[in-house]
Every structure is written in structure tokens, then in C-alpha cells.
Amino acid sequence: MGKTVLEIDLKALTHNFNVISSKLKPKTKFMAVVKANGYGSDSIEIAKKLVSLNVDYFAVAFASEGVALRKSGIKTPILVLLPQVESFTEITKYHLEPSLYSFYFLNNFIAFLTSNNIKKYPCHFKINTGLNRVGFNEKETDEAVNKIKNCDCIQLVSLYSHLAATEDLQESKFTLTQINLFKKISSKIKSKISYNPMLHMSNTSGIFNYPECEFGMVRSGIGLYGYDNELTKNLRPVHTLKTVVSQIIEAKKGDSIGYNRAFICEEKTNIGIIPLGHADGISRSFSKNAHVFINGKKAKVIGNICMDIFMVNLNGISAKEGDEVIVFDKKNNLEDFANAVGTISYEILTNLSVRIERKFI
Ligand SMILES: *Cc1c(COP(=O)(O)O)cnc(C)c1O
């Protein structure tokens, strides 16, 4: 005991993988999204576990994340969602499969493959169907596919797109428009090339809410880690973030707490000093509404969250120095914490700094 740990429950990961897989048709491939260090966990340990569960594919955001997986011995195909032109050498050296998402990337990659005499390199073609982030628009696909056809250096393993609002059923009309546009563009591309790439579109909430866009593969990130608002009933949170009460201070009515005197005690207040701060990923912007659990009771953060420390109000809570502090766990859901502080589980997890020890259970 003593310091802050992020416990990562690989049994819960297995459970979530099985729950999500059970939603899929037997032939559908499972791509596990392990970008951003496995959503703040540890991409290598998470990936190794998923390999043992026979996952079909991994996705990362950048080439360096794929290189780390390869260096740890992972042989599973890896899609790089947002590869940069600077990483061609890493991509090909480590057999990473880039997403083709812009003419800038495509033209430069074709030039690189050609000059290195590389043939039929596995790539994934990204179609923008309304998220309006990365990918080729409908009217750009002809030109992009022609370039791919006219060189023999690229093999399209898949055509894919990303949905904008799968978790929000109020937006189902928009989502269905995206799905239909994807079907239309992808069948046009397939008719132009003489082979049959896989199709994929769904993220976690798409898997649960839009089975019609399962296609040949799904990409699941947040659900593997056990989160996703309404769906969490079946999924099990993988993470427990816990620390300890470092010190307890008795403050008098009128005393101010912490930097900028942001909190003034309205009564005699027991203050718990918690050794976790914005350098650990507990953002200073959470100061107003964050809370933790101590001996089963909710303790509100008071004052400004500091770099290494935040303070909580212990009035009404029986606590002593050394007691365990739960920021989130299976019972005290990260989604609730994220809601309270005005963000989403994804952001909290991926901000947890390297300073926090990861412990696998
Ligand atoms: C991050 C990401 C995913 C994973 O989404 P979840 O909501 O975490 O399941 C899927 N596809 C793309 C393109 C992504 O960037």
C-alpha cells in the first residue's frame, strides 16, 4: 500500500471481449482498438491478452504505437488509423497496415513504395461518410481508387468508415445515412477493383446499437475496457484507480484551502490530502465537481486540484491516514466520475500519466 495504482483486471477484459463477440456473427472479425496505450492501460499487456483470446486485428492511431506492439512480439495484423507521411519506413519495416485517408498521404506513400520496389502493400481505405474528420469524400474516391489501381504497390485489405454518433439513438437518422452512403461508395469501389476487401464501420456503441453495420469486421475500443454509458450493464470496467489518504488536516471555519484560496471552510472541516493531481491526469478543470470514495462514502474535492495533490472534504466520513481512496472502480463507475466533471471516460483514461503504476490482476 501507499501509492497510487491503476489496477487492470484482465479477467474483466476477457469478459468484455466475450460479451462483445457474442453480439457478432461467427464470421465477423474483431479488431481491438489499443491506441493511446490501450486507452491508458498498457497496450502491450492488453494486446497480449487479446491475442490469447484470438483477436483478429489491432488498431492504433500512430505508427509508433504499432512499432511498440511489434517489438513486444505481437504478430497480429495492425491497422494504423492516422499514419503520418514521416512514418513510411517504420510502417513497412514493422509490417503495419496504414489507413489511406488523404491524397497527400496516398501520393507520398505510392511514391515511397514505388521507389522501394514494394508490391501489393496491405492498406485500408478510409471513406468519409459524415464524421468529416479524416478520409476520402464520395467525390474523391474515384480519383483515389484510380491511383491505387494504376500502381501495383497497394492491396486494399479493407474499406472502412467511422460513425459520428452511434451512442446517441436520437441521431439514428444521421447514422443510417452514413451507413447507406458507406454501402454505396464501397460497392462502387469494389466494382472498380477486381477483388473483395473487407468492410468495417462499427465502433463499440455501433456494435450494440446498429447491428446492420457489422459488415466483415468491427472495431471495438472503449467496450473492451468496460465502458460505454448505457451498455455498461453487461460490460465490466477493467480499471480501478486507487490511492490513499496521505494526511488529514483539521481546518477551522474561515480557513482557506490550497492555491488561490479557492475554498473557504464554512465550518470546522477535516481535509484529506490525496496524493494525486493534474500531473497524473486529474485535470485542474475537474476542481469544481470531482469526488472520490473513502470507506464507501463520497468525498468531494475542495479547492483547486494541484500538480501532485488534491484535497477532499472528510466531514461526515470516518477516515484515517493511510485509508484507501477509490477514484473509480467496478462499483464507482468511471462514467459517473467523467459525467460529474464534464468529460468522457476516454479522456480520463488516456490522460492517466506514466507516473501512475499499472498493476495487472
Ligand atoms: C478510436 C476509434 C475506434 C474505437 O471506438 P470505441 O468507441 O472506443 O469503440 C474505432 N474506430 C476508429 C476509426 C477510431 O478512431
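**Exercise 1. The ligand**

How far from an oxygen atom of the ligand does a backbone N or O atom of Gly 221 lie? Identify the other polar contacts of the ligand as well, and state how much of its surface the protein buries.

*Solution.* The structure is a predicted model.

Step 1. Begin with the backbone. The distance for Gly 221 is 2.9 Å, from a backbone N or O atom to a ligand oxygen. Ile 222 also takes part through a backbone N or O atom, which lies 2.8 Å from an oxygen atom of the ligand.

Step 2. Turn to the side chains. Lys 35 places a side-chain N or O atom 2.6 Å from an oxygen atom of the ligand.

Step 3. Consider the area. The ligand taken alone exposes 390 Å², and the protein buries 94% of that.

Step 4. Describe the surroundings. There are 13 residues around the ligand, and the closest are Lys 35, Tyr 39, Thr 204, Ile 222 and Tyr 346.

**Exercise 2. Domains and the nonpolar core**

*Solution.* 

Step 1. The domain assignment gives domain 1 as residues 10-225 and domain 2 as residues 239-360.

Step 2. Relate the domains to each other. Their centres, taken over C-alpha atoms, are 37 Å apart. At their contact, 10 residues of domain 1 meet eight residues of domain 2.

Step 3. Examine the core. The largest nonpolar core contains 109 residues, and Leu 50, Phe 125 and Ile 294 are among those with the most contacts inside it. Helix H6 (residues 103-115) supplies the largest share, seven residues.

Step 4. Look at one member. Ile 294 touches several residues beyond four places away in sequence, including Val 245, Ile 274, Leu 314 and Val 325.

Step 5. Note what is separate. A second core consists of eight residues, including Ala 251, Cys 265, Ile 273 and Cys 306.

Step 6. In soluble globular proteins, nonpolar side chains tend to be buried together.

**Exercise 3. Ser 87**

Is Ser 87 buried or exposed? Locate this residue and name a polar partner.

*Solution.* 

Step 1. Locate the residue. Ser 87 belongs to the loop that joins strand E4 (78-80) and helix H5 (88-93).

Step 2. Apply the cut-off. Buried means under 20% relative accessible area. Ser 87 has a relative accessibility of 8% and therefore counts as buried.

Step 3. Find the partner. A polar atom of the Ser 87 side chain lies 2.7 Å from the backbone oxygen of Gln 84.

Technical notes: Residues numbered from 1 in each chain as written. Predicted model: local features only at pLDDT ≥ 70, side-chain atom pairs only at ≥ 80, totals over all residues. Heavy atoms only, no water. Core = buried A, V, L, I, M, F, W, Y, C linked by side-chain atoms within 4.5 Å. Buried < 20%, exposed > 50% of the residue type's maximum accessible area, 1.4 Å probe, protein only. Helix = DSSP H or I, 4+ residues; strand = E, 2+ residues; numbered from the N terminus. Contact = heavy atoms within 4.5 Å. Polar contact = N/O pair within 3.5 Å; in protein donor to acceptor, adjacent residues only side chain to side chain. Near = heavy atom within 4 Å. Areas by Shrake-Rupley, 256 points an atom, 1.4 Å probe, with all protein chains shown as cover. Domains from an automatic or database assignment.
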